[in-house]
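Please find below a few numbered remarks to be read alongside the displayed model.

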Amino acid sequence: MAIVKHGVTANTPSNILLGAGTFYKGLTYGTNGWTGTILGATSGGGKVSIKGEFLDLEVDGALVKFKGQTIKVGGTATAEVTFAEVTTDIIKMGTLFEAGTSTSTGTGITMLQDKAHIEEDDYIANFGFVGETADGSKQVIIIFENAICTSGLEIEGKNKEQSVVKLTLEAVADYSGDLNTLPVKIYYVETSTSSGGSAG
């Protein structure tokens, strides 16, 4: 075997993700291909992290790690998204607030207020990230079956700078489902052959 100085092949551009990607709620695949609702424009993109939680068994006499010593005891999946838009949906997502009753007589006013308990509609069903490869031939789609914001809401305004909203969303399982594995699916989609093409 000859030693080469790089790993570039003809398939390399179709295996490199390019751009910030997009974040959706209600992202599903059906007869019309991928459909969902974009949560909002981002500035600085976002990050999806999926990792297992592990435990190393302690065994006398073993001075190095060995196969089978490490066992999986759980896992987490999070998405950190920096939204450029400040909409009522994004504020509700970050605060888990609910629509309240405004005492103002004016029109065009939406009031959000705190509540005591997390409710079913606070969870985002089929929260998804869609990224595209450099040559546009493939998409990587990551879907959290349910997600909820765990970071809270923070808006920082600065002179001559754009305000952004940074939210961290975490995947959570449905109580009626499998509570031993992450409720996360990753799809590798060839856009040229996928019915419906892009999500959106």
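1. The side chain of threonine 191 reaches the backbone oxygen of glycine 136 at 2.9 Å, a polar contact in the sense of N or O atoms within 3.5 Å, one able to donate a hydrogen and the other to accept it, where residues adjacent in sequence count only if both atoms are side-chain atoms. Threonine 191 lies in the segment after β10 (184–190) and is buried, with a relative accessible area of 17% (buried is under 20%, exposed over 50%, partly exposed in between, with a 1.4 Å probe and protein chains only).

2. This is a predicted model, in which local features need pLDDT of at least 70 and side-chain atom pairs pLDDT 80 or more, whereas totals for chains, interfaces and linings use all residues. Residues are numbered from 1 along each chain as its sequence is written, and side-chain values use heavy atoms, without hydrogens and water.

3. Strand β9 pairs in the antiparallel sense with β4 (residues 70–83) over 6 bridges (pairing requires at least two DSSP bridges), and here lysine 166 is the bridge partner of threonine 82. Strand β8 (residues 138–149) also runs antiparallel to β9, joined by 3 bridges, and alanine 147 stands opposite alanine 171 of β9.

4. Leucine 57, in the loop between β3 (42–56) and β4, counts as partly exposed at 35% relative accessibility.

Methods: Helices (H or I, at least four residues) and strands (E, at least two) are DSSP runs, numbered from the N terminus.
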